[in-house]
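I opened my notebook to get to know a new structure. Come and read along with me.

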Amino acid sequence: MHKLVLRSVTKSYAAGSAVLKPFDLVAQAGELVVLVGPSGCGKSTLLKLIAGLEKLDDGQILLGERDITNVEPRHRRIAMVFQNYALYPHLSVRENLAYPLRRQKLRAADIVLKVSAVARQLRLDELLDRRPSQLSGGQKQRVAMGRAIIREPDLFLLDEPLSNLDAALRTHVRGEIRDLQRRLGTTMIYVTHDQVEAQTLADRLVIMRNGEVQQVGPPQEIYERPANIFAAAFLGTAPPNFLAGRIVDDRVEIGQASLPLADLPGECRTALAGREQIYVGLRPEMLRPTCDLDRDHFVLRGKVIRREIVGNSQNVHFRSEAGSADAAKLSALAGRHLSDELVWTTERAGTDDAVELGIRPESILFFDTDGVAIGAHGSDAL
Ligand SMILES: Nc1ncnc2c1ncn2[C@@H]1O[C@H](COP(=O)(O)OP(=O)(O)OP(=O)(O)O)[C@@H](O)[C@H]1O
Ligand SMILES: [Mg+2]
(Lines give C-alpha, C1' and ligand atoms only; values in the text may rest on other atoms or scores of the structure.)
(Ligands and ions follow the chains in the order given, each with its own letter.)
Protein backbone atom coordinates (compact mmCIF):
# COMPACT_ATOMS: atom_id res chain seq x y z
CA MET A 1 0.00 0.00 0.00
CA HIS A 2 1.31 3.39 -0.98
CA LYS A 3 0.61 6.90 0.17
CA LEU A 4 0.17 9.62 -2.47
CA VAL A 5 1.29 13.17 -1.71
CA LEU A 6 0.79 16.18 -3.97
CA ARG A 7 2.69 19.28 -2.92
CA SER A 8 1.81 22.68 -4.38
CA VAL A 9 1.06 21.25 -7.81
CA THR A 10 0.24 23.88 -10.43
CA LYS A 11 -0.83 23.61 -14.04
CA SER A 12 -1.97 26.00 -16.73
CA TYR A 13 -2.52 25.25 -20.39
CA ALA A 14 -2.48 28.92 -21.39
CA ALA A 15 -0.57 31.78 -19.78
CA GLY A 16 -2.57 33.57 -17.11
CA SER A 17 -5.30 30.95 -16.66
CA ALA A 18 -4.33 28.43 -14.02
CA VAL A 19 -6.30 25.16 -14.21
CA LEU A 20 -4.78 24.04 -10.91
CA LYS A 21 -3.83 26.67 -8.36
CA PRO A 22 -1.20 25.41 -5.93
CA PHE A 23 -2.91 22.13 -5.09
CA ASP A 24 -2.09 19.94 -2.08
CA LEU A 25 -3.50 16.51 -1.43
CA VAL A 26 -2.63 13.44 0.61
CA ALA A 27 -4.20 10.03 0.03
CA GLN A 28 -3.19 7.67 2.79
CA ALA A 29 -1.98 4.18 1.92
CA GLY A 30 -5.02 2.07 1.01
CA GLU A 31 -7.41 5.01 1.09
CA LEU A 32 -10.17 5.66 -1.45
CA VAL A 33 -10.25 9.40 -2.09
CA VAL A 34 -13.02 10.79 -4.31
CA LEU A 35 -12.60 14.08 -6.19
CA VAL A 36 -15.83 15.92 -6.95
CA GLY A 37 -16.50 19.29 -8.49
CA PRO A 38 -18.23 20.97 -11.41
CA SER A 39 -17.23 20.42 -15.02
CA GLY A 40 -13.95 22.13 -15.89
CA CYS A 41 -12.67 22.47 -12.32
CA GLY A 42 -9.54 20.45 -13.11
CA LYS A 43 -10.33 16.90 -11.94
CA SER A 44 -9.14 15.09 -15.08
CA THR A 45 -6.13 17.38 -15.36
CA LEU A 46 -5.13 16.44 -11.83
CA LEU A 47 -5.35 12.71 -12.61
CA LYS A 48 -3.34 13.17 -15.81
CA LEU A 49 -0.61 14.97 -13.87
CA ILE A 50 -0.46 12.13 -11.34
CA ALA A 51 -0.33 9.55 -14.14
CA GLY A 52 2.32 11.56 -15.99
CA LEU A 53 0.16 12.05 -19.10
CA GLU A 54 0.49 15.84 -18.65
CA LYS A 55 3.46 17.73 -17.27
CA LEU A 56 2.98 19.88 -14.20
CA ASP A 57 4.30 23.45 -14.14
CA ASP A 58 5.47 23.30 -10.57
CA GLY A 59 5.21 21.21 -7.42
CA GLN A 60 5.99 17.65 -6.44
CA ILE A 61 4.28 14.24 -6.55
CA LEU A 62 5.33 11.46 -4.18
CA LEU A 63 4.08 7.88 -4.32
CA GLY A 64 5.16 5.76 -1.38
CA GLU A 65 8.85 6.44 -0.92
CA ARG A 66 9.34 7.58 -4.51
CA ASP A 67 9.37 11.09 -5.95
CA ILE A 68 7.61 10.43 -9.27
CA THR A 69 7.37 14.07 -10.39
CA ASN A 70 9.66 13.50 -13.38
CA VAL A 71 9.31 9.74 -13.79
CA GLU A 72 8.13 8.40 -17.18
CA PRO A 73 4.42 7.42 -17.05
CA ARG A 74 5.11 3.73 -17.68
CA HIS A 75 7.51 3.58 -14.75
CA ARG A 76 5.14 5.19 -12.25
CA ARG A 77 3.29 1.93 -11.44
CA ILE A 78 -0.04 3.70 -11.76
CA ALA A 79 -3.11 2.32 -13.56
CA MET A 80 -5.76 4.65 -14.92
CA VAL A 81 -9.32 3.81 -15.99
CA PHE A 82 -11.00 6.37 -18.24
CA GLN A 83 -14.66 7.13 -18.84
CA ASN A 84 -14.50 5.60 -22.34
CA TYR A 85 -12.45 2.60 -21.08
CA ALA A 86 -9.95 2.94 -23.98
CA LEU A 87 -10.03 -0.80 -24.80
CA TYR A 88 -8.26 -1.97 -27.97
CA PRO A 89 -11.14 -2.75 -30.36
CA HIS A 90 -9.18 -5.23 -32.50
CA LEU A 91 -8.04 -7.30 -29.51
CA SER A 92 -10.04 -9.91 -27.62
CA VAL A 93 -10.82 -9.49 -23.93
CA ARG A 94 -7.98 -11.95 -23.20
CA GLU A 95 -5.52 -9.88 -25.23
CA ASN A 96 -6.77 -6.61 -23.75
CA LEU A 97 -6.09 -7.99 -20.27
CA ALA A 98 -2.71 -9.39 -21.28
CA TYR A 99 -1.55 -6.20 -23.01
CA PRO A 100 -0.05 -4.39 -19.99
CA LEU A 101 1.82 -7.56 -19.02
CA ARG A 102 3.25 -8.04 -22.52
CA ARG A 103 4.56 -4.50 -22.35
CA GLN A 104 6.24 -5.43 -19.07
CA LYS A 105 7.75 -8.41 -20.96
CA LEU A 106 6.42 -11.01 -18.55
CA ARG A 107 6.84 -14.69 -19.46
CA ALA A 108 3.96 -16.12 -21.53
CA ALA A 109 3.11 -18.76 -18.91
CA ASP A 110 2.85 -16.11 -16.17
CA ILE A 111 0.63 -13.97 -18.38
CA VAL A 112 -1.78 -16.87 -18.90
CA LEU A 113 -1.99 -17.46 -15.14
CA LYS A 114 -2.57 -13.81 -14.32
CA VAL A 115 -5.18 -13.32 -17.05
CA SER A 116 -7.18 -16.28 -15.81
CA ALA A 117 -6.93 -15.14 -12.18
CA VAL A 118 -8.16 -11.64 -12.99
CA ALA A 119 -10.86 -12.98 -15.32
CA ARG A 120 -12.14 -15.16 -12.50
CA GLN A 121 -12.06 -12.29 -10.04
CA LEU A 122 -14.08 -10.01 -12.34
CA ARG A 123 -16.33 -12.74 -13.78
CA LEU A 124 -14.92 -12.36 -17.28
CA ASP A 125 -14.12 -16.07 -17.85
CA GLU A 126 -16.90 -16.57 -20.35
CA LEU A 127 -16.04 -13.46 -22.29
CA LEU A 128 -12.30 -13.91 -22.90
CA ASP A 129 -12.60 -14.56 -26.62
CA ARG A 130 -14.94 -11.68 -27.41
CA ARG A 131 -13.98 -8.32 -28.85
CA PRO A 132 -14.97 -5.10 -26.98
CA SER A 133 -17.72 -4.42 -29.60
CA GLN A 134 -19.40 -7.66 -28.49
CA LEU A 135 -19.65 -6.58 -24.83
CA SER A 136 -22.23 -4.61 -22.85
CA GLY A 137 -21.23 -1.36 -21.12
CA GLY A 138 -20.90 -3.07 -17.75
CA GLN A 139 -18.75 -5.84 -19.23
CA LYS A 140 -16.46 -3.32 -20.94
CA GLN A 141 -16.14 -1.55 -17.61
CA ARG A 142 -15.06 -4.82 -15.96
CA VAL A 143 -12.44 -5.43 -18.67
CA ALA A 144 -11.07 -1.93 -18.14
CA MET A 145 -10.88 -2.60 -14.38
CA GLY A 146 -9.26 -5.96 -15.09
CA ARG A 147 -6.62 -4.35 -17.26
CA ALA A 148 -5.91 -1.91 -14.43
CA ILE A 149 -5.62 -4.47 -11.63
CA ILE A 150 -3.61 -7.03 -13.61
CA ARG A 151 -0.56 -4.79 -13.38
CA GLU A 152 -0.76 -4.78 -9.59
CA PRO A 153 -0.14 -1.03 -9.55
CA ASP A 154 0.76 1.11 -6.55
CA LEU A 155 -2.14 3.47 -7.31
CA PHE A 156 -5.45 3.43 -9.19
CA LEU A 157 -6.78 6.52 -10.92
CA LEU A 158 -10.40 6.30 -12.07
CA ASP A 159 -11.90 9.12 -14.12
CA GLU A 160 -15.72 8.88 -14.14
CA PRO A 161 -15.57 5.15 -14.89
CA LEU A 162 -19.32 4.60 -14.53
CA SER A 163 -20.84 7.48 -16.44
CA ASN A 164 -21.61 5.35 -19.52
CA LEU A 165 -23.70 2.89 -17.51
CA ASP A 166 -27.40 3.07 -16.69
CA ALA A 167 -28.47 3.93 -13.14
CA ALA A 168 -29.05 0.36 -11.89
CA LEU A 169 -25.77 -0.92 -13.27
CA ARG A 170 -23.91 2.08 -11.89
CA THR A 171 -25.08 1.26 -8.39
CA HIS A 172 -24.06 -2.37 -8.82
CA VAL A 173 -20.61 -1.70 -10.33
CA ARG A 174 -19.98 1.02 -7.76
CA GLY A 175 -20.32 -1.61 -5.03
CA GLU A 176 -18.01 -3.96 -6.93
CA ILE A 177 -15.33 -1.30 -7.27
CA ARG A 178 -15.55 -0.52 -3.57
CA ASP A 179 -15.22 -4.21 -2.65
CA LEU A 180 -12.36 -4.74 -5.07
CA GLN A 181 -10.46 -1.73 -3.74
CA ARG A 182 -10.94 -2.96 -0.15
CA ARG A 183 -9.80 -6.46 -1.09
CA LEU A 184 -6.71 -5.31 -2.97
CA GLY A 185 -5.95 -2.52 -0.49
CA THR A 186 -4.61 -0.35 -3.32
CA THR A 187 -4.81 3.41 -2.88
CA MET A 188 -7.39 4.89 -5.26
CA ILE A 189 -8.25 8.36 -6.53
CA TYR A 190 -11.72 8.35 -8.06
CA VAL A 191 -13.30 11.22 -10.01
CA THR A 192 -17.04 11.66 -10.35
CA HIS A 193 -19.71 14.32 -10.89
CA ASP A 194 -22.23 12.27 -8.99
CA GLN A 195 -22.56 13.21 -5.33
CA VAL A 196 -24.30 9.95 -4.41
CA GLU A 197 -21.52 7.93 -6.00
CA ALA A 198 -18.99 10.14 -4.24
CA GLN A 199 -20.57 9.72 -0.82
CA THR A 200 -21.05 5.98 -1.07
CA LEU A 201 -17.49 5.27 -2.24
CA ALA A 202 -15.28 7.73 -0.45
CA ASP A 203 -13.21 7.28 2.66
CA ARG A 204 -12.61 10.98 2.16
CA LEU A 205 -14.05 13.45 -0.29
CA VAL A 206 -12.21 16.34 -1.90
CA ILE A 207 -14.55 19.07 -3.11
CA MET A 208 -12.92 21.09 -5.89
CA ARG A 209 -13.82 24.34 -7.57
CA ASN A 210 -11.80 26.29 -10.15
CA GLY A 211 -8.65 24.29 -9.53
CA GLU A 212 -8.76 24.72 -5.77
CA VAL A 213 -9.77 22.55 -2.84
CA GLN A 214 -12.93 23.75 -1.09
CA GLN A 215 -13.07 21.07 1.59
CA VAL A 216 -11.60 17.68 2.41
CA GLY A 217 -13.11 15.17 4.79
CA PRO A 218 -15.29 12.10 5.27
CA PRO A 219 -18.59 12.58 3.38
CA GLN A 220 -20.77 12.67 6.48
CA GLU A 221 -18.58 15.30 8.08
CA ILE A 222 -18.79 17.55 5.00
CA TYR A 223 -22.56 17.08 4.91
CA GLU A 224 -22.93 18.01 8.56
CA ARG A 225 -20.29 20.74 8.70
CA PRO A 226 -19.70 22.17 5.25
CA ALA A 227 -16.84 24.69 5.09
CA ASN A 228 -18.76 27.04 2.81
CA ILE A 229 -21.96 27.51 0.81
CA PHE A 230 -20.45 25.76 -2.22
CA ALA A 231 -19.66 22.60 -0.24
CA ALA A 232 -23.06 22.76 1.48
CA ALA A 233 -24.86 22.89 -1.86
CA PHE A 234 -22.79 20.05 -3.32
CA LEU A 235 -23.92 17.28 -0.98
CA GLY A 236 -27.53 16.36 -0.23
CA THR A 237 -30.57 15.13 -2.15
CA ALA A 238 -31.73 18.70 -2.76
CA PRO A 239 -29.64 21.82 -2.09
CA PRO A 240 -30.22 23.67 1.19
CA ASN A 241 -32.51 26.70 1.38
CA PHE A 242 -30.13 29.64 1.70
CA LEU A 243 -31.77 32.63 3.39
CA ALA A 244 -30.39 36.05 4.29
CA GLY A 245 -30.54 36.87 7.99
CA ARG A 246 -29.27 39.32 10.59
CA ILE A 247 -28.02 39.18 14.13
CA VAL A 248 -30.03 41.68 16.17
CA ASP A 249 -29.11 41.95 19.85
CA ASP A 250 -28.96 38.36 20.96
CA ARG A 251 -31.23 36.87 18.31
CA VAL A 252 -30.93 35.54 14.76
CA GLU A 253 -33.63 37.14 12.60
CA ILE A 254 -34.74 35.89 9.22
CA GLY A 255 -37.61 38.06 8.04
CA GLN A 256 -40.32 37.71 10.67
CA ALA A 257 -38.80 34.56 12.13
CA SER A 258 -36.38 34.74 14.99
CA LEU A 259 -34.30 32.50 17.25
CA PRO A 260 -32.40 33.33 20.45
CA LEU A 261 -28.64 32.85 20.09
CA ALA A 262 -28.81 31.09 23.45
CA ASP A 263 -30.56 28.13 21.74
CA LEU A 264 -27.56 27.48 19.49
CA PRO A 265 -24.59 25.22 20.27
CA GLY A 266 -21.80 27.05 22.09
CA GLU A 267 -19.20 27.36 19.31
CA CYS A 268 -21.84 28.68 16.92
CA ARG A 269 -23.20 31.16 19.45
CA THR A 270 -19.74 32.60 20.11
CA ALA A 271 -18.91 32.87 16.41
CA LEU A 272 -22.20 34.63 15.59
CA ALA A 273 -22.10 37.18 18.40
CA GLY A 274 -21.30 40.68 17.17
CA ARG A 275 -22.00 39.96 13.49
CA GLU A 276 -24.66 41.71 11.40
CA GLN A 277 -25.52 40.19 8.02
CA ILE A 278 -25.35 36.43 7.73
CA TYR A 279 -26.77 33.60 5.61
CA VAL A 280 -28.39 30.48 6.93
CA GLY A 281 -28.65 27.15 5.15
CA LEU A 282 -31.65 24.96 5.95
CA ARG A 283 -31.44 21.48 4.49
CA PRO A 284 -34.85 20.48 3.03
CA GLU A 285 -34.65 17.09 4.74
CA MET A 286 -34.21 18.79 8.14
CA LEU A 287 -37.37 20.94 7.91
CA ARG A 288 -40.26 19.33 9.76
CA PRO A 289 -43.79 20.42 10.63
CA THR A 290 -43.62 21.88 14.13
CA CYS A 291 -45.97 19.25 15.57
CA ASP A 292 -43.27 16.71 14.72
CA LEU A 293 -40.61 18.44 16.82
CA ASP A 294 -40.36 17.89 20.54
CA ARG A 295 -38.32 20.87 21.73
CA ASP A 296 -37.17 24.40 20.91
CA HIS A 297 -36.74 24.97 17.24
CA PHE A 298 -36.59 27.69 14.65
CA VAL A 299 -39.99 28.23 13.01
CA LEU A 300 -40.84 29.52 9.55
CA ARG A 301 -44.30 29.80 8.02
CA GLY A 302 -45.17 29.15 4.41
CA LYS A 303 -47.91 28.16 1.99
CA VAL A 304 -47.54 25.10 -0.19
CA ILE A 305 -47.08 26.03 -3.84
CA ARG A 306 -45.95 22.77 -5.42
CA ARG A 307 -45.08 19.14 -4.68
CA GLU A 308 -42.76 16.86 -6.58
CA ILE A 309 -43.00 13.15 -5.93
CA VAL A 310 -39.81 11.22 -6.63
CA GLY A 311 -39.95 7.54 -5.76
CA ASN A 312 -40.42 7.25 -2.03
CA SER A 313 -40.01 10.94 -1.20
CA GLN A 314 -41.76 14.22 -1.79
CA ASN A 315 -40.21 17.61 -2.32
CA VAL A 316 -42.68 20.20 -1.02
CA HIS A 317 -42.16 23.80 -2.14
CA PHE A 318 -43.45 26.68 -0.02
CA ARG A 319 -43.84 30.40 -0.45
CA SER A 320 -42.43 31.59 2.81
CA GLU A 321 -44.04 34.22 4.98
CA ALA A 322 -40.67 35.06 6.51
CA GLY A 323 -40.85 38.38 4.69
CA SER A 324 -37.49 38.98 3.06
CA ALA A 325 -37.17 38.49 -0.69
CA ASP A 326 -34.49 35.86 -0.21
CA ALA A 327 -36.80 33.91 2.01
CA ALA A 328 -39.65 33.90 -0.49
CA LYS A 329 -39.22 30.24 -1.41
CA LEU A 330 -38.49 27.22 0.70
CA SER A 331 -38.39 23.55 -0.04
CA ALA A 332 -38.76 20.69 2.37
CA LEU A 333 -38.19 17.01 1.80
CA ALA A 334 -40.72 14.54 3.11
CA GLY A 335 -41.45 10.86 2.93
CA ARG A 336 -43.88 9.76 0.25
CA HIS A 337 -46.79 8.73 2.38
CA LEU A 338 -49.50 10.25 4.51
CA SER A 339 -47.88 8.69 7.55
CA ASP A 340 -45.11 11.23 7.10
CA GLU A 341 -46.03 14.17 9.32
CA LEU A 342 -45.00 16.77 6.75
CA VAL A 343 -47.10 15.20 3.98
CA TRP A 344 -50.04 14.84 6.33
CA THR A 345 -49.82 18.44 7.56
CA THR A 346 -49.39 20.01 4.14
CA GLU A 347 -52.12 17.94 2.50
CA ARG A 348 -54.57 18.81 5.24
CA ALA A 349 -53.84 22.55 4.97
CA GLY A 350 -56.08 24.57 2.63
CA THR A 351 -54.45 26.58 -0.15
CA ASP A 352 -54.59 29.76 1.92
CA ASP A 353 -53.41 28.20 5.18
CA ALA A 354 -49.83 28.71 6.21
CA VAL A 355 -47.98 25.67 7.51
CA GLU A 356 -45.42 26.00 10.28
CA LEU A 357 -42.06 24.47 9.47
CA GLY A 358 -39.45 23.99 12.15
CA ILE A 359 -35.81 23.04 12.25
CA ARG A 360 -33.68 22.10 15.22
CA PRO A 361 -31.20 24.91 15.96
CA GLU A 362 -28.23 22.55 15.79
CA SER A 363 -29.18 21.61 12.21
CA ILE A 364 -28.99 25.19 10.93
CA LEU A 365 -25.90 26.02 8.86
CA PHE A 366 -24.52 29.57 9.24
CA PHE A 367 -22.39 31.45 6.70
CA ASP A 368 -20.87 34.91 6.50
CA THR A 369 -21.54 37.22 3.55
CA ASP A 370 -18.62 35.65 1.65
CA GLY A 371 -20.27 32.25 1.99
CA VAL A 372 -17.73 30.91 4.50
CA ALA A 373 -19.13 28.78 7.33
CA ILE A 374 -19.40 30.48 10.71
CA GLY A 375 -18.53 28.49 13.78
CA ALA A 376 -16.99 25.76 11.61
CA HIS A 377 -15.00 23.35 11.42
CA GLY A 378 -13.23 23.78 8.02
CA SER A 379 -11.25 21.07 6.29
CA ASP A 380 -9.17 18.22 7.55
CA ALA A 381 -5.51 18.75 7.30
CA LEU A 382 -4.76 18.13 3.63
N1 LIG B 1 -5.17 19.95 -23.35
C2 LIG B 1 -5.79 21.07 -22.94
N3 LIG B 1 -5.51 22.27 -23.49
C4 LIG B 1 -6.08 23.40 -23.05
N5 LIG B 1 -6.99 23.46 -22.06
C6 LIG B 1 -7.32 22.30 -21.46
C7 LIG B 1 -6.74 21.05 -21.87
N8 LIG B 1 -7.27 20.08 -21.09
C9 LIG B 1 -8.13 20.68 -20.24
N10 LIG B 1 -8.17 22.01 -20.47
C11 LIG B 1 -8.96 23.00 -19.71
O12 LIG B 1 -8.65 22.86 -18.34
C13 LIG B 1 -9.80 23.00 -17.53
C14 LIG B 1 -9.98 21.77 -16.66
O15 LIG B 1 -10.25 20.66 -17.46
P16 LIG B 1 -10.48 19.23 -16.87
O17 LIG B 1 -10.64 18.30 -18.01
O18 LIG B 1 -9.41 18.93 -15.89
O19 LIG B 1 -11.86 19.43 -16.11
P20 LIG B 1 -12.77 18.36 -15.33
O21 LIG B 1 -12.90 18.85 -13.94
O22 LIG B 1 -12.23 16.99 -15.54
O23 LIG B 1 -14.18 18.54 -16.08
P24 LIG B 1 -15.28 17.42 -16.46
O25 LIG B 1 -16.03 17.17 -15.20
O26 LIG B 1 -16.11 18.12 -17.48
O27 LIG B 1 -14.58 16.22 -16.99
C28 LIG B 1 -10.96 23.25 -18.49
O29 LIG B 1 -11.20 24.62 -18.54
C30 LIG B 1 -10.45 22.73 -19.81
O31 LIG B 1 -11.02 23.43 -20.88
MG1 LIG C 1 -12.94 15.29 -16.57
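**Entry 1: the domains**

I began by noting that this is a predicted model. Then I looked up how the protein is divided. The domain assignment gives domain 1 as 4-232 and domain 2 as 233-367. Taken over C-alpha atoms, the centres of domain 1 and domain 2 are separated by 39 Å.

**Entry 2: where the domains meet**

How many residues of each domain are in contact with the other? I found 17 residues of domain 1 in contact with 13 residues of domain 2.

Next I looked up the area. The size of an interface is often given as the accessible area lost when the parts come together. Here domain 1 and domain 2 bury about 1,200 Å² between them, and 68% of that is on carbon and sulfur atoms. On the domain 1 side, Tyr 223, Ile 229 and Ala 232 supply 51% of the area buried against domain 2, more than any other three residues.

I also wanted to see what kinds of contact cross the interface. The count of salt bridges between domain 1 and domain 2 is zero, but 10 residue pairs are in polar contact across it. On the side of domain 1 that touches domain 2, the elements giving two or more residues are helix 6 (195-201), strand 9 (204-209), helix 7 (219-224) and helix 8 (229-234).

In which order do the five strands of the open sheet lie? I wrote down 15-19-16-17-18, with antiparallel pairing. Strand 15 (288-289) and strand 18 (329-335) are at the edges with a single partner strand each, so one side of each has no neighbour in the sheet.

I then picked one pairing to follow. Strand 16 (residues 298-310) runs antiparallel to strand 19 (residues 355-359), and five bridges join them. For Gly 302, the bridge partner in strand 19 is Val 355.

**Entry 3: Glu 31**

My last stop was Glu 31, which I found in the loop between strand 2 (17-27) and strand 3 (32-36). Is Glu 31 buried or exposed? Its relative accessibility is 9%, and buried means under 20%, so Glu 31 counts as buried.

I looked at its surroundings too. The side chain of Glu 31 reaches the backbone nitrogen of Gln 28 at 2.8 Å. Leaving aside neighbours within four places in sequence, Glu 31 is in contact with Val 26, Gln 181, Thr 187, Met 188, Asp 203 and Arg 204.

Definitions and conventions
Residues numbered from 1 in each chain as written. Chains lettered and ligands numbered in written order. Predicted model: local features only at pLDDT ≥ 70, side-chain atom pairs only at ≥ 80, totals over all residues. Heavy atoms only, no water. Pairing = 2+ DSSP bridges. Helix = DSSP H or I, 4+ residues; strand = E, 2+ residues; numbered from the N terminus. Buried < 20%, exposed > 50% of the residue type's maximum accessible area, 1.4 Å probe, protein only. Polar contact = N/O pair within 3.5 Å; in protein donor to acceptor, adjacent residues only side chain to side chain. Contact = heavy atoms within 4.5 Å. Domains from an automatic or database assignment. Buried area = accessible area lost by both parts, 1.4 Å probe. Salt bridge = Lys/Arg side-chain N within 4 Å of Asp/Glu carboxyl O.
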